[in-house]
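This briefing covers selected local features of one model.

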Amino acid sequence: MSMNNYFIYTYGCQMNVHESEKIAGILQSRGFTPCQNVEEADVIVLNTCCVRETAETKVYGHLGRIKSKKKHGAVIAVCGCMTQQPSAAERLVKRCPFVNIAIGTFNQPRIGDYIDKFIQTGTRIVEVWSSEKDGDCSESALPVRSSGINAWVNIMYGCNNFCTYCIVPYVRGRERCRPIDDIVADVDNLVSQGYKQITLLGQNVNSYRYADKTFPDLLKLLESDTKYRLKFMTSHPKDISPEIAQIMSESKVLSHSLHLPVQAGSNRILQAMNRHYTREEYMEKISAFRALIPDIGLSSDVMVGFPTETEEDFLQTLDLVERVKYNNLFMFIYSQRSGTPADAMPQLDYETKQKRIDRLIKFQFEISKQLAQNTVGRIAEVLVSDKDGDKCYGKSETDAAISFNSESAKIGDFVRVKIVSGKNANLTGEVV
Ligand code: SAH
Ligand code: SF4
Ligand code: F3S
């Protein structure tokens with residue numbers, strides 16, 4: 001029997017999306033080809049997330065459907081953060097007897113070997129490592145990039161911060177930084193191949209360090225006369241320095257946008273989260289960026305319903321959100337993660353959490369609407385990432401989503417447009 005087609009499901013963050021590009025690279029180097037429908041796949045990979053309970057529920061839901069749709073004899077492999085949690089892989093294979101391979105994040109680079117072994121022996125494989133065996137983080141498989149003009153480049157793996165709600169350090173291990181020369185070579189290559197937007201990835205990019213080189217050093221090395229857009233995520237408020245604002249304001253390539261997750265607006269909650277900054281320090285950093293880059297687009301992650309959060313604490317979050325005025329806000333209900341310190345703290349009831357998220361979403365909606373209206377009349381430079389007929393879609397230098405009509409503009413072009421309308425954060429422009 002020939003096993004040729006593969007299909008990958010990806011859950012979770014940008015990093016996981018890029019991990020899936022690497023898995024695709026591994027599979028293609030072994031002669032597999034991608035297919036459009038899971039029904040045609042000989043190998044089905046689920047690259048999972050476990051940052052919130054909903055992420056895990058989604059995986060189980062999909063597995064149920066895949067079971068009835070898949071080709072007879074198709075191999076199902078589950079990898080990623082969810083299966084890296086202690087006992088999660090065991091639980092998964094018990095609940096889903098049709099899953100053939102369950103591995104974690106650390107042995108994922110060997111997924112090709114596991115698939116070969118299963119095809120040869122027909123014996124189910126459940127193997128989760130607690131760290132990388134070789135301990136280095138040079139990248140071997142060439143990723144198969146799937147995101148058009150955008151390319152992601154890892155600068156580091158793992159996290160050392162142990163925010164009390166977060167599972168990531170447990171499933172991704174401690175911080176490991178890639179050699180700076182490898183990163184610069186990757187970016188140079190991608191830009192010369194024609195990629196127009198590069199996003200540097202890490203759980204806390206501001207703590208990047210390789211030998212005596214730091215994150216600001218890396219950003220300076222990535223300056224270029226070739227036109228491309230450079231972004232990075234995620235930044236941690238405790239580590240981002242005013243130097244980054246300076247570099248951004250002088251750079252020819254850096255996007256005027258910053259994703260700076262605040263999580264909460266109450267100092268008591270921030271301390272219980274182990275975030276190592278106060279609301280005042282956070283807002284000072286925001287002001288420093290705004291002073292040097294007045295048009296900067298700001299985004300953030302905010303959580304409601306962290307253990308012991310009172311109405312007063314929640315109002316502090318609303319107050320911070322109102323003062324900062326984010327262009328884009330990712331809002332989450334706190335989700336209990338087994339093994340994290342917050343899991344053992346006194347929890348809020350479901351209804352309180354649900355009501356708070358609803359209030360926050362409404363609150364931010366009004367802010368986004370107002371900000372969108374304020375941009376009408378401004379000139380923006382849009383990097384076209386999609387085109388449908390004459391309708392072009394893309395992002396501005398401040399990371400605002402803008403659509404406009406043009407016959408001649410192509411995907412990958414930078415086009416100057418004037419913003420003519422801003423309804424509910426959807427901006428429409430006209431070519432100038
Ligand atoms: N390293 C990044 C992002 C990590 S996960 C950072 O430090 O911000 C992305 C977002 O998921 C977090 O910013 C946080 O808002 C959210 N998150 C993490 N753990 C969560 C949990 N247990 N419940 C709800 N949201 C969570
Ligand atoms: Fe999780 Fe905090 Fe690390 Fe981000 S910085 S990945 S929220 S522990
Ligand atoms: Fe990302 Fe989810 Fe893992 S957010 S790092 S895929 S737990």
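How do the residues of the shell around ligand 3 divide into nonpolar, polar and charged? The shell divides into 5 nonpolar, 2 polar and 1 charged. The model is a predicted one, and the points below are grouped by topic.

**Ligand surroundings**

- Around ligand 3 lie Cys13, Asn16, Cys49, Cys50, Val51, Cys81, Arg172 and Gln203.
- The residues around ligand 2 are Cys159, Asn161, Phe162, Cys163, Tyr165, Cys166, Val168, Pro169, Gln203, His236 and Arg275.
- By class, the ligand 2 shell holds 7 nonpolar, 3 polar and 1 charged residues.
- Gln203 is listed around ligand 3 and also around ligand 2.

- Searching the whole structure gives 1 cavity of 30 Å³ or more.
- The largest cavity holds about 60 Å³ of space.
- Its lining consists of Cys13, Met15, Asn16, Glu19, Asn154, Tyr157, Gly158, Arg172 and Gln203.
- These lining residues divide into 3 nonpolar, 4 polar and 2 charged.
- Helix H1 (residues 14-29) gives the most to this lining, with 3 residues.
- Cys13, Asn16, Arg172 and Gln203 belong to the cavity lining and are also found around ligand 3.

**Helix H4**

- In helix H4 (residues 88-95), the buried residues are Ala88, Ala89, Leu92 and Val93.
- These residues are on the same side of H4, because the arc they cover around the axis is only 130°.
- Lys94 and Arg95, on the other side of H4, are exposed.
- The partners against which the buried residues of H4 pack are helix H2 (53-69), strand E4 (75-80), helix H3 (81-84), strand E5 (101-103) and strand E6 (125-127).

- Asparagine 204 sits in the loop between strand E10 (197-201) and strand E11 (209-210).
- With a relative accessible area of 1%, asparagine 204 is buried.
- Leaving out residues up to four places away in sequence, asparagine 204 touches Met156, Asn161, Glu175, Thr234, His236, Lys238 and Asp239.
- Among these contacts of asparagine 204 are Asn161 and His236, both of which are listed around ligand 2.
- Thr234, another contact of asparagine 204, is joined to methionine 233 by a cis peptide bond with omega of about 5°.
- Threonine 234 is placed in the loop between strand E13 (229-233) and helix H9 (242-250).

**Positive phi values**

- Most residues other than glycine have a negative phi, and most peptide bonds are trans.
- Asparagine 274, which is not a glycine, has a positive phi of about 65°.
- The place of asparagine 274 is the loop between helix H10 (267-272) and helix H11 (279-292).
- Asparagine 274 has a relative accessible area of 26% and is therefore partly exposed.
- Histidine 276 likewise has a positive phi, near 65°, and lies in the loop between H10 and H11.
- Is histidine 276 buried or exposed? At 56% relative accessibility, histidine 276 counts as exposed.
- Arg275 is one of the residues around ligand 2.

Methods. Residues are numbered from 1 along each chain as its sequence is written. Chains are lettered from A and ligands numbered from 1 in the order in which they are written. This is a predicted model: local features need pLDDT of at least 70, side-chain atom pairs count only at pLDDT 80 or more; totals for chains, interfaces and linings use all residues. Side-chain values use heavy atoms; hydrogens and water are left out. Buried means under 20% relative accessible area, exposed over 50%, partly exposed in between (1.4 Å probe, protein chains only). Helices (H or I, at least four residues) and strands (E, at least two) are DSSP runs, numbered from the N terminus. The arc is that of the directions from the helix axis to the C-beta atoms. Contact means heavy atoms within 4.5 Å. A residue is near a molecule or strand if one of its heavy atoms lies within 4 Å of it. Ala, Val, Leu, Ile, Met, Phe, Trp, Tyr, Cys and Pro count as nonpolar, Asp, Glu, Lys and Arg as charged, and the others, Gly among them, as polar. On a 1 Å grid over the protein atoms alone, a cavity is a set of points where a 1.4 Å probe fits but cannot get out, and a pocket is an open set with protein on both sides within 12 Å along at least five of seven lines; lining residues have an atom within 4 Å of a point. Grid points are joined across faces, edges and corners, and a volume is the space filled by probe spheres set on the points.
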